[in-house]
Each structure stands twice: as C-alpha cells, then as structure tokens.
Amino acid sequence: MSQDHHGARRVGQVKEVTSLSNPIVKDIKALANKKDRDETKSFMAEGLKLVIDALELGFEIKTLVYAKNVKDKPQVVQAATKTVARGGLVLEVSEKVLSSITRRDNPQMVVGIFTQRWTSLRDIRPKAGETYVALDRVRDPGNLGTIIRTADAAGASGVILIGETTDPYSMETVRATMGSVFALPLVKASPADFLAWKKGAGVSVVATHLAGAVDYRTIDYRKKPVVLLMGNEQQGLPDELAREADALARIPQAGLADSLNLAIATGIMLFEARRHLLTLEERE
Ligand code: SAM
C-alpha cells in the first residue's frame with residue numbers, strides 16, 4: 001500500500017480516506033456551494049440506487065465515495081469497477097467522512113460526484129405527444145426537485161428553467177428529485193431566449209396564472225407538443241411571459257388559500273396535460 005500526495009492510502013485503485021481534512025474530502029464538501037459546483041460543473045448524488053442509475057444513463061462520474069462497511073456489496077464493487085474503468089476516482093471512507101460530506105447524521109453509504117449535464121434550448125425540438133415544463137425564476141430547491149421528479153413520473157420530456165432560478169444540482173434539489181435529475185434534460189434560458197425559441201418550436205404554451213380565464217381541464221393538450229409555463233412562487237408569471245402564451249389556464253380552487261404551491265400546481269397540470277397518454281399498463 002502506498003501513500004499518495006493527498007495523504008490517502010491507495011488500495012489498488014481505491015483510496016482510503018479517514019481524515020476530514022483530506023483535500024479531496026474538502027473539495028467534495030465545497031460542492032455544497034453553488035460557486036464551487038459551477039466552477040467544477042459537478043454535483044453530488046447520494047445513495048447507491050441513484051449512483052447506479054446515473055452510471056447506467058452514462059453520466060460522467062468523477063468520484064465514487066462509499067463507506068468501508070459496504071465495500072463488499074456486489075453493487076458497490078460493480079459501481080467502483082465502472083468508476084475506475086471510466087477514469088473516475090474511488091474513495092473508501094469512514095462513516096464520519098460520509099456524514100461530513102453529506103452533512104447528515106445518518107448518511108447514505110454511497111455517494112457519487114458527477115458532471116452536470118445541461119441541454120441547450122436550441123436542441124429541444126418538441127415532437128407530437130411531448131410535454132415540457134418551463135419554470136419562471138423558481139426559487140425553492142424542494143419545489144424544483146419535486147417538479148423534476150413529478151415531470152419524470154408524468155412522462156414529460158424536459159424542464160426549462162427561465163431566468164434566475166435555484167440550482168437543480170444543489171444537494172437539496174437532487175435529494176428531492178429522488179433520482180429523476182438524471183432522467184430529464186435540463187435547460188437554462190433567459191425570458192427572451194425562451195420567447196424566441198417558442199416562435200419556431202411548434203409548441204402550444206399553456207401558462208398558468210391566478211387570473212387565467214380558462215379552466216385547465218378544458219384545454220386541448222393533444223393538438224401540439226405542450227409547454228406548461230409556471231410562475232415564480234412569490235410573484236407569479238410576469239406579463240412579458242404571460243402575454244405570449246397560447247392559453248392562460250387556471251386551476252379552480254375552493255377554500256381560503258390564495259394559490260396552490262408551485263410544485264402541486266405543476267403536478268396537477270402535468271397529469272392533466274398527459275392524461276390521455278398515461279395508463280396503468282406495465283412500464284418498459
Ligand atoms: N402570489 C403569486 C401570484 O400572484 O401569482 C402566487 C404564485 S403560485 C404560489 C406559483 C405558481 O403556481 C403560479 O404562478 C402558477 O403558475 C401556479 N399556480 C398556483 N395556483 C394556481 C391556480 N389555482 N391556477 C393556476 N396556476 C396556479
């Protein structure tokens with residue numbers, strides 16, 4: 001066993017790390033900051049299932065981290081082999097190190113550091129039967145994660161983030177997606193780029209608005225590919241986006257609440273827009 005320049009012991013192609021002050025551990029911990037995620041274009045996903053899904057979907061893995069006590073689990077061994085084969089680093093660590101990396105008392109035993117994947121708006125060419133979600137300045141990481149998960153579950157084809165939004169690759173959002181962050185193309189766009197794209201994309205933009213005149217259940221979602229445009233949690237949709245929509249839809253409400261939570265409203269819209277496409281038949 002040799003000592004490398006980071007002070008970690010090498011076991012074959014696996015590095016064993018127990019010190020919280022190890023520089024690799026520090027770099028991983030820094031991914032809690034958006035600045036560090038942006039600079040390194042990476043993010044952390046927690047849990048063996050997520051890591052396996054991401055590897056299967058061809059996400060580039062930079063580092064695989066696992067607790068020593070799960071090192072002999074066949075799926076962990078497989079994930080480690082794949083990581084090494086793809087040029088990634090494998091770290092075998094103590095639970096203390098995993099707790100510190102994930103900032104949790106009961107951490108997941110496996111964590112992967114992956115390269116972020118962004119799709120460009122011009123590569124989004126909606127086809128018949130497709131549904132996209134476009135979110136105006138979404139602020140809340142939990143909302144965004146829940147929306148990505150729900151969009152995946154409803155069979156949507158992508159999520160477009162308009163303007164300044166919370167980061168889909170933050171730890172909190174990735175957690176809330178429960179793995180769906182790997183399943184859907186994510187796109188960033190300015191309002192102007194979105195509106196320019198809309199002109200040539202052959203889509204029907206259904207915007208949701210508390211002042212919408214159209215009951216969301218009366219809209220024909222089959223005519224064209226649909227983009228469901230959702231407003232910011234505090235301010236709702238700005239006029240510049242609302243006036244360009246093909247329909248301004250409202251979900252009728254009862255009770256005292258002024259509005260629905262953004263993620264809930266998105267879920268309701270998604271399952272209505274895709275109602276004719278979803279069945280209980282076996283998934284592939
Ligand atoms: N104060 C904000 C406003 O005046 O629009 C409330 C925004 S609401 C919390 C966030 C987003 O969820 C809205 O912009 C809209 O896209 C959607 N939404 C929530 N309730 C809705 C409803 N009843 N009908 C249509 N959209 C709704």
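Okay, let's start at the ligand. There are 18 residues around it, and the ones that come nearest are Thr208, Gly231, Gln234, Ile251 and Gln253. Keep in mind that this is a predicted model.

So what does the shell look like by residue type? Eight of its residues are nonpolar, eight are polar, and two are charged.

With threonine 208, the side chain brings an N or O atom to 2.6 Å from an oxygen of the ligand. Glutamine 234 works through its backbone: a polar atom there is 3.0 Å from a ligand nitrogen. Glutamine 253, on the other hand, uses its side chain, where a polar atom lies 2.7 Å from a nitrogen atom of the ligand.

How much of the ligand does the protein bury? On its own the ligand would expose 570 Å², and 85% of that is buried by the protein.

As for where this happens, the ligand sits in the second largest pocket. If you're looking for secondary structure around it, β14 (247-250) and α10 (262-273) are the elements that give two or more residues to the shell.

Last stop, methionine 171. You'll find methionine 171 in helix α7, which covers residues 171-177. Is methionine 171 buried or exposed? It counts as buried, because its relative accessibility is 13%, and the cut-off for buried is under 20%. To place it against another residue, take glycine 236: methionine 171 and glycine 236 are 65 residues apart in sequence, and their C-alpha atoms are 25 Å apart in space.

That's it from me.

Notes. Residues numbered from 1 in each chain as written. Predicted model: local features only at pLDDT ≥ 70, side-chain atom pairs only at ≥ 80, totals over all residues. Heavy atoms only, no water. Near = heavy atom within 4 Å. Polar contact = N/O pair within 3.5 Å; in protein donor to acceptor, adjacent residues only side chain to side chain. Areas by Shrake-Rupley, 256 points an atom, 1.4 Å probe, with all protein chains shown as cover. 1 Å grid on protein atoms, 1.4 Å probe; cavity = no way out; pocket = protein on both sides within 12 Å on 5 of 7 lines; lining within 4 Å. Sits in = over half its atoms within 2 Å of the grid points. Helix = DSSP H or I, 4+ residues; strand = E, 2+ residues; numbered from the N terminus. Nonpolar A, V, L, I, M, F, W, Y, C, P; charged D, E, K, R; others polar. Buried < 20%, exposed > 50% of the residue type's maximum accessible area, 1.4 Å probe, protein only.
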